[in-house]
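The following explanation is intended for a reader who meets this structure for the first time. Please keep the sequence and the three-dimensional view at hand while reading.

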Amino acid sequence: MKNSFLFCLSLAGLLFISCDKDDDHHDSCHECHLEIVMTDGTIDHSTEIGEFCGEDLHDVEENGWVVTEAFGAFEFDGVTYEVGHLFNSDEVHCEEHADHDHDH
Amino acid sequence: MNKLQLFLFFSLLFSVSAFSQNEGIVLSDQNEPLNDVDVFLVQQNLLLKTNESGVFVLDDIIPNNSYLEFYKVGYASSVFQYKEGETIKVFLKKLHVELDEIGIQENVTVLGNYKHLNIEKKSLNNNFIYSTSLVENLNQLSGVNSIGSGLGIQKVVIRGLSGLRVVTYLNGMRIANQEWANDHSIGFTDLGIGRVELIKGASSLKFGGDAVGGVLYFQDEPFTKSKNPKGFLASKFDNSHFLFGNQFGVKLSKNNLYFNLYGEHTASSDYRLPDKNYLFNSRFQNQALKFSFARLGEKLQTIIRYQYNKDQLGIPAHDCDGTNQITLQEITSTSLNLSEDYEMTRPTQFIINHLFNLESTYYTNTIKYSFFAGYFINNLQEFEKWTIPAFDMDLSTSTMRINLDFTINKFDFNTGVQYNRQENLNNIKSRLIPDSYSNNVGIYTTIDFDKNNFGFNSGIRLDYKEIICNDYDYNKLFNAFNSSVGVFYKNNNHLTRITYSGSYRSPHLSELFSNGLHHGTNRYEVGTSNLDIEHSHQFDFKYQWNNDHFGFVLNPFLQIITDFIAINPIDSFYLDRYRIYNYVQYDEVNMSGFELNLHYHPHFLHNLHIEQSYSFINTVNRDNDSYLFFTPANKIKTKLNLDFDIYDLPFGLKNLTLYHLYAFEQDNIVSYESSSDSYSILNGELLFNPFSNLSVVVGVKNMFNKEYIPHLSRIKEVAGGVPEPGRSFNLSLKYDF
């Protein structure tokens, strides 16, 4: 009984140690894109802004993304987005979507 | 309290005491000893077995007036009330049909007297290998449905009511896991659970008044007395979800000390639709651990339990634009990449639950004193982004309950007091519902009378509930009566039962103060701070008749709910895309219907069992003469069970089960709801016992690969409706030692 009890406690202890509180993606990398409301009211997700990792990912999700010089100003749906334009955090998406061709 | 303190606390509570032995014997009605009879000591949650001589041994641990349930396949079950000094000699009547009993089975239930109240009891032994989930098994009961999306997110619906109106208990502790939302699942799995009791409506006064829809009381498997450790290892695979699940359990006992330990890990990928595409992000993972210590003395019995449950649930069919213009193609994938598609993506819920409880019971010759203390903490994080949660809340619930149980002449009294404190705390600035706390004190008394073929039950409960929310300068006291009356009469094989239950439900935080975007439901939700208490009156009639081969149960019901709280869309959008939903209160809604159950064992084939249930429900909103949102479709559920135990078949084939579900179309809908087509689903499974300790289950779900969308699917309104999984095969193994 004593050995069985100690074995069970060890197993329980192992399970305690191996369980993390949450899924921590602070070190992972994900492709991000912009959400732009078109002039006809529909929403476009096609403008990719690159891969973000770690703290950069956290920063872009919390504070949004500013058009950089490296990225350059761009025009979309008749609107020009100059360097320095801020897309707020609601307009930046880094989550995955179902890819019907499963190409991610 | 940290983990070390926890273990020290547990270890200090027990001491070994001397004991002596008592014996009982179980015989057939032909006076033959019966071996392998389950002898269940109800109050102790302890299971014994009779030996070859029909004898079972008690270690003098059983208090006076304790109940023992006796069960053996092929025999009528029996309940025996132990009296000190009396010999325990029980006779079990052999059934004409050896499979199972038709009609009322004698048993003892936690929720009340099974004769006086409409209580259904279901064994959940081996649920892990026989069912894809706990809720899927409960769905087989008449009047029970589920809201959900695949296997990851599921919640129980009883006669059209769910969420806050269906109260769930696990070993006496209420499970409060933000159950107000349809994307928040039940909060635990079938790990270590032995049975469930269900009351439809608010007849169980001991456990609180909120249960306007019903109470589900889950109870762990009993402790087992054995010289050697007992336990099991089980695994299952389901190919519609590529689900791999593993469980283990160990039971130890020495003298009057008992210890049960269980663990589980399950991982599931995205589920496959009938058109062979996969619903993106319907994946989930679960890890769980639970253990219980018990010291079962003659006068004093103490049980301590701990349970840890961690869920990671993908939220499928997510419309990140919020415009509800997404197509099915955009939320499905043509294939799975098994090296990637088990990993959680976004949006996802992360839920961690810890449950502690202590039950202590002291017996005198005339009174049973029970003390219960429990603490449940639920942490819910919902992530739409990778690194920043949309909300992160801790909901903690503390409960204390003292109950006295005594008998005067033929009257059984249960009286007690319960205190409950609940606290909701946000861990981040972004929030959907605010910080708040509530205190609830309730006192209750129930009386049961049972003599010959007549009995009645009556009960009353008074609750005071204070809800405080400093963010909104809200401090309100709600008080109300709950009551319950039931009468039963048995004449030969005819049983008639009538019950009335009156209950109340105070408004919840989410209904009062929601103000934010809820990504899990794709809507912006707004509470109403001047909501009042809901009141419910339920009338339930049950007529039951059976003989050796056939039985039926007819159960019509009517429920009238005043000041019914609901959530409705308005013609307005947040950020021009997410529809805004407001909480409102209707003067009166009615829910009525009936359930009919048939149970048949043909005389020409005793090992065939056919069970069929019909459930019909109608809802009316008296305010605008329309229906209620999410009224379940009417259903016919049929189960056919063919036992092969008497034949010596290859590979130890023991049993064939077929389950058929027919759901009628549902066009009793509200203006912002779509109707649902009828559908028919067939599942089948075979049970093998190739070796004495090994069970193998091979099954197929949705045999004809039917594409169907249940009316209560939480993703019915997305992309024109997202179907449930297509045909799937499952394989489960369980090794008992």
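The paragraphs below lead through chain A, then the domains, cores and sheet of chain B, and finally some local details of its backbone.

The model is a predicted one. Chain A contains 2 helices and 9 strands. Followed along the sequence, these elements come in the pattern α-β-β-β-β-α-β-β-β-β-β. Chain A has 104 residues, of which 15% count as buried. Among the contacts in chain A that join residues at least 6 apart in sequence, 46% link residues at least 24 apart.

Helix α2 of chain A spans residues 54-63, and A:Leu57, A:Val60 and A:Glu61 are its buried residues. Seen down the axis of α2(A), the buried residues fall within an arc of 95 degrees, so they line one face of the helix. On the other side of α2(A), A:Glu55, A:Glu62 and A:Asn63 are exposed. The cover over the buried residues of α2(A) includes β1 (29-34), β4 (48-53), β5 (65-66) and β9 (92-93) of chain A. Just after α2(A) comes A:Gly64, which takes a positive phi of about 95 degrees.

Attention now turns to chain B. Its domain assignment gives domain 1 (22-92) and domain 2 (119-736). The C-alpha centres of these two domains of chain B lie 32 Å apart. Their contact takes 12 residues from domain 1 of chain B and 13 residues from domain 2 of chain B. On the side of domain 1 of chain B that touches domain 2 of chain B, the largest share, 3 residues, comes from strand β3 (residues 46-49) of chain B.

Where do the nonpolar residues gather? The largest nonpolar core has 96 residues, and the members that touch the most others are B:Val156, B:Tyr169, B:Val215 and B:Leu216. Strand β20 (residues 284-296) of chain B gives the most to this core, with 6 residues. Domain 1 (22-92) and domain 2 (119-736) of chain B both give residues to this core, so it lies between them. Leaving aside neighbours within four places in sequence, B:Val156 is in contact with residues including B:Val135, B:Leu138, B:Ile186 and B:Leu216. There is also a second, separate core of 12 residues, and among its members are A:Ala98, B:Tyr278, B:Ala317 and B:Ile715.

Chain B also holds an open sheet of 5 strands, in the order β8-β13-β14-β11-β12, with mixed pairing. Strands β8 (119-123) and β12 (173-174) of chain B stand at the edges, each with a single partner strand, so one side of each is left without a neighbour in the sheet. In general, strands of a sheet pair through backbone hydrogen bonds, in either a parallel or an antiparallel manner. Strands β11 (residues 166-170) and β14 (residues 214-220) of chain B pair in the parallel sense, over 5 bridges. Here B:Leu170 stands opposite B:Phe218 in β14(B).

Some details of the backbone in the loops of chain B complete the account. The peptide bond from B:Arg346 to B:Pro347 is cis, with omega near 0 degrees. B:Pro347 is found in the loop between β22 (332-333) and β23 (348-363) of chain B.

Positive phi values also occur in residues other than glycine. One of these residues is B:Lys276, with phi near 75 degrees. B:Lys276 lies in the loop between β18 (257-268) and β19 (278-279) of chain B. This residue, B:Lys276, is exposed, with 11 other C-beta atoms within 10 Å. Another is B:Asn409, with phi near 55 degrees. B:Asn409 belongs to the loop between β25 (389-408) and β26 (411-426) of chain B, and it counts as exposed, with 7 C-beta neighbours inside 10 Å.

Notes:
Residues numbered from 1 in each chain as written. Chains lettered and ligands numbered in written order. Predicted model: local features only at pLDDT ≥ 70, side-chain atom pairs only at ≥ 80, totals over all residues. Core = buried A, V, L, I, M, F, W, Y, C linked by C-beta atoms within 7 Å. Buried ≥ 20, exposed ≤ 12 C-beta atoms within 10 Å, placed from the backbone. Helix = DSSP H or I, 4+ residues; strand = E, 2+ residues; numbered from the N terminus. Domains from an automatic or database assignment. Contact = placed C-beta atoms within 7 Å. Pairing = 2+ DSSP bridges. Arc of directions from axis to C-beta.
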